[in-house]
Amino acid sequence: MARVHAFGDDALGDLDAVALVEAIRSGRLGRAEVVDAAVARAETVNPQLNAVAYPAYDKARDKARAAANGDGLKRGFFAGVPTFIKDNIDVAGQPTMQGTDAWTPYPAPFDSEVTRVVLGTGLVSLGKTQLSEFGFSAAAEHPRLGPVRNPWNTDHTAGASSSGSGAFVAAGVVPIAHANDGGGSIRIPAACNGLVGLKPSRGRLPLDAAYRRLPVGIVANGVLTRSVRDTAAFYREAERLWRNPKLPPVGDVTRPGKQRLRVAVITRSVQRDSSPEVREHVLDTAALLEELGHRVEHIENNWVPASFLGDFVLYWGLLSLGQVSVGRRAFGDSFDRARLDNLTLGLYRHAKSNLHRLPLAIARLRRLRRRSAQFFGSYDVLLTPTLADPTPEVGYLAPTHYQQVIDRLSDWVAYTPLQNVTGDPAISLPVAQSADGLPLGIMLSADIGQERRLLELAYELEAARPWARIQDER
């Protein structure tokens, strides 16, 4: 098992984003040398990880040097900290290819609203990271673009859809990277790569117009980090730039909370039990929470209907139907449906042949928000696995045969889609490792608007059981 990482003696060292901010502000590090170090790291590990969708290294260097000279100084808490943007949102002057090669690239004319928020915190983008095609799969294994590999063991997937961001944060290229989540796409790569991944509440961060028009708003933007404090700091700073008045503020979360919580524990999803290894680590985390004074109760998963999986897959297919049907209008005359992978096309066909079932499926999915609110009337937090099994090898989730890959995805990604449907926040934490040394994630979720509660509990678990680091000796 070979680990691939870029941690070393350069300006980045093993600092997280908050520590980098302190070093830059104190003058111990310059913005230009930090960006140079991140570019060098990206160029070192990307041949093995395949995480870059579009490099913008020269532009990032120019911005850092201009700031060092006092010209066009970028303000914001994270000023000078390098990052990457996932390649399914627009960055002005860069192509947005959505994890595919089905059309000829062309530069986006403007930054998307969430790009403006992410970069408005002061983060300096080095370019864009790879994802699975349109974000539909939990593994980025495009037949021509190639797989994004896990830096803990390159024989394994980095998870998806925010795969490139996850791989680069875990490998030490950058301490924080943009990600988004429509069925687990922040939490899945967090679990696979040993990271902190918070999917925020519906409406916590801005969305592109196409996502805002969805009948069930399943997509949320966020970040991947290596520390709880980096995630907390990002949401604090983003909230200063863009605030949803319908949600309680996250605020400045810097330490564990004092309140002891009512924690429900579930280790069986709607369709299956988690693997014995995953179940053991979830129960171990439950025992730790009990030792820390929280009230833990093991319960059955009886509030999510058996129809959930089929409804969600059909709704996922609706998203593919939308992308494929408007291909030329959205992506230009060069759009070639024949170049889409078999998962995208299979979802498209599934939705097209089952359109008559969509209205009831959408109605059932919408009702889950009310069921969730009732559930969190009795509990403060829900603890589950992030994924039902340890991280598979590259190839297992390759989009070759539609029915095979959709069955495997449905089995593996058994827990994360629920919070996309309900709109509740959920965080994956890397509290354990599998028998073969790969990270394993547990997931904590709470009622909508309760990110602060999840971050406080995450701080507590991080302090009680610090997670493994890829750069440490095994």
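Here is a friendly conversation about how some features of this predicted model get their names.

Me: What makes β8 and β12 the edge strands of the sheet with 8 strands?

Reply: The order in this open sheet is β8-β10-β9-β14-β15-β13-β11-β12, with mixed pairing. β8 (176–181) and β12 (295–298) each pair on one side only, and they are the edge strands. From one strand to the next, the twist averages 25°.

Me: How do you know that β9 and β14 pair, and in which sense?

Reply: Two strands pair if there are at least two bridges between them. Strand β9 (residues 196–199) and strand β14 (residues 426–433) have 3 bridges, in the antiparallel sense, so the pairing meets the cut-off of at least two. Within this pair, G197 stands opposite S428 in β14.

Me: Which helix packs on this sheet, touching β11, β12, β13, β14 and β15?

Reply: That is helix α9 (residues 276–291), whose direction makes about 150° with that of β13 (381–385).

Me: Why are α9 and α16 called roughly perpendicular to each other?

Reply: Angles of 65 to 115 degrees count as roughly perpendicular. α9 and helix α16 (residues 451–464) pack at an angle of about 100°, with their axes 11 Å apart. The two helices are therefore roughly perpendicular to each other. T285, L288 and L289 of α9 meet L457, L461 and A464 of α16 in this contact. By class, the contact has 5 nonpolar residues, 1 polar residue and no charged ones.

Me: What makes β1 and β2 the edge strands in the sheet of 3 strands?

Reply: This open sheet has the order β1-β3-β2, with mixed pairing. β1 (52–55) and β2 (82–86) each pair on one side only, and they are its edge strands. Neighbouring strands here are turned by 40° against each other on average, direction ignored.

Me: How do you know that the length of α12 agrees with its number of residues?

Reply: Helix α12 (residues 342–353) has 12 residues, and at 1.5 Å a residue they should span 16 Å. The end C-alpha atoms of α12 are 16 Å apart, so the two values agree. The buried residues of α12 are L343, T344, L345, G346, L347, Y348 and A351. What covers them includes α10 (308–325) and α14 (402–412).

Me: Why is Q98 called buried?

Reply: Buried means under 20% relative accessible area. Q98 has a relative accessible area of 10%, so Q98 is buried. This residue is in the loop between β2 and α4 (113–120). Q98 also has a positive phi of about 55° although it is not a glycine.

Me: Why does F134 count as buried?

Reply: The cut-off is under 20% once more. F134 has 8% relative accessibility and therefore counts as buried. F134 is found in the loop between β3 and β4 (141–142), and its positive phi is about 60° although it is not a glycine.

Me: What do the buried residues of α4 pack against?

Reply: In α4, V114, T115, V117, V118 and L119 are buried. The buried residues of α4 pack against β2, β3, β8, β10 (220–225) and α8 (228–241). Just after α4, G122 takes a positive phi of about 105°.

Me: Does D333 count as buried or exposed, and why?

Reply: Exposed means over 50% relative accessible area. D333 has 65% relative accessibility, so D333 counts as exposed. D333 is found in the loop between α11 (327–331) and α12. The C-alpha atoms of D333 and W103 are separated by 8.0 Å, with the two residues 230 residues apart along the chain.

Me: Where is the cis peptide bond from A160 to S161, and what is its omega?

Reply: The peptide bond from A160 to S161 is cis, with omega near 10°. S161 is found in the loop between β7 (153–157) and α5.

Terms used. Residues numbered from 1 in each chain as written. Predicted model: local features only at pLDDT ≥ 70, side-chain atom pairs only at ≥ 80, totals over all residues. Heavy atoms only, no water. Helix = DSSP H or I, 4+ residues; strand = E, 2+ residues; numbered from the N terminus. Axes fitted to C-alpha atoms, helices over the stretch in contact; angles between N-to-C directions. Contact = heavy atoms within 4.5 Å. Parallel < 35°, antiparallel > 145°, perpendicular 65-115°, else oblique. Nonpolar A, V, L, I, M, F, W, Y, C, P; charged D, E, K, R; others polar. Expected span 1.5 Å × (residues − 1). Buried < 20%, exposed > 50% of the residue type's maximum accessible area, 1.4 Å probe, protein only.
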